[in-house]
Amino acid sequence: ASSIVPLEPGDQPRRPAVPRRYEAGADEYRYFSVRFPAAAHDQPLHFAVTPLTGDPDLYLAASSQDTPVRPDKTDSTWSSAEQEGQPQHRYEHLTVATSDRGRCSGSGCTYYLSVQADHAPSTFSVVAWAGDTAVQLVEGGRQAGELPAGGTRYYVAHVAGSHSDLSIVADMASGAARLYARVGKKAGPQPEEHSWSSDTGSDLGIEIRHDDAEFCT
């Protein structure tokens, strides 16, 4: 069987979770594992696969045993695979609530992810995080996400040595939201919590000019 690649879920608020890019052949599985920090025991856990090409599906299981687990389409605790009659998504996202009966905890608890390329080769990024840990954005890349009504999701964009304008875009598959941004701290809706913001809607964007007084590199 293919090896299991460990993922780094970040450690809020010090380090963001960083998406990693992988490939899988037609009907092939890629396997991953993640252990969350102790502080995540009372937080929801998030797992996201962003398709870059193809149509990957995400399967998830948790175990406190030493023997690795490889969930698949016939045996998993959670699955993002499309059910017959359900609308197709452009991403794969799973959230394990604190009250979920399939959840495990403790230092020996490991979550195992399997990503299968459905019928055709696929390139994708995969990331896991807990609670409101920020997810790092990759320049020029897409990052899937999901928001409950009234919810907030945090992201980090690192800009180093650039003298170009910075564009941040959110393409909403459904619903409406608003983007906020500032340098060095988490942004929020209050005036003192952001330097830039977008209009509310389904096609969001913030353009930060390189000569803006608050732009930094």
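This is a predicted model: local features need pLDDT of at least 70, side-chain atom pairs count only at pLDDT 80 or more; totals for chains, interfaces and linings use all residues.

By the ring-pairing rule, how many aromatic pairs does the count come to?

A: Residues are numbered from 1 along each chain as its sequence is written, and side-chain values use heavy atoms, with hydrogens and water left out.

The count comes to 9 aromatic pairs (rings of Phe, Tyr and Trp, with its six-membered ring, pair if their centres lie within 6.5 Å; planes under 30 degrees apart are stacked, over 60 edge-to-face, the rest tilted). One of them is Phe36 with Tyr111: the ring centres are 5.8 Å apart and the planes sit at 80°, so this pair is edge-to-face. (Strands here are DSSP runs of E, at least two residues, numbered from the N terminus.) Phe36 and Tyr111 are both buried, meaning under 20% relative accessible area, with exposed over 50% and partly exposed in between, for a 1.4 Å probe and protein chains only. Ring pairs join Phe36, Phe47, Trp78 and Tyr111 into a cluster.

Now for the strand itself. S8 is mostly covered, with 8 of its 8 residues buried. Thr110, Tyr112, Ser114 and Gln116 are on one side, Tyr111, Leu113, Val115 and Ala117 on the other, and both faces are covered. As background, side chains in a regular strand alternate between the two faces of the sheet.

What is the strand order in the open sheet around S8? The 5 strands run S1-S3-S8-S5-S6, with mixed pairing. S1 (4–6) and S6 (78–79) take the edges with a single partner strand each, so one side of each is left without a neighbour in the sheet. On one flank of S8, S3 joins through 6 bridges and runs antiparallel (strands pair if DSSP finds at least two bridges between them), and Phe32 stands opposite Leu113 in S8. S5 also pairs with S8 in the antiparallel sense, over 8 bridges, with Asp57 standing opposite Gln116 in S8. Moving on from S5 (residues 56–63), its pairing with S6 is antiparallel over 2 bridges, and Leu60 has Trp78 as its bridge partner in S6.

What does Tyr111 touch? Leaving out residues up to four places away in sequence, its contacts (heavy atoms within 4.5 Å) are Phe32, Ser33, Val34, Phe36, Leu45, Phe47, Leu60, Ala61, Ala62, Trp78, Arg103 and Cys104.

That leads to the core. A nonpolar core is a set of buried Ala, Val, Leu, Ile, Met, Phe, Trp, Tyr and Cys residues joined through side-chain atoms within 4.5 Å. The largest one has 26 residues, and Phe32, Phe36, Phe47, Tyr111 and Leu113 touch the most other members. The elements giving two or more residues to this core are S2 (20–24), S3 (29–34), S4 (45–53), S5, S7 (92–96), S8 (110–117) and S9 (122–130). A second, separate core of 10 residues includes Ala177, Leu179, Ile206 and Ile208.

One last stop is Thr77, in the loop between S5 and S6. Buried or partly exposed? Thr77 is partly exposed, with a relative accessible area of 44%. Thr77 and Ala61 are 16 residues apart along the chain, with their C-alpha atoms separated by 5.0 Å. Setting aside neighbours within four places in sequence, Thr77 is in contact with Leu60, Ala61, Ala62 and Gly102. Leu60, Ala61 and Ala62 are also among the residues that Tyr111 touches.

Methods:
Helices (H or I, at least four residues) and strands (E, at least two) are DSSP runs, numbered from the N terminus.
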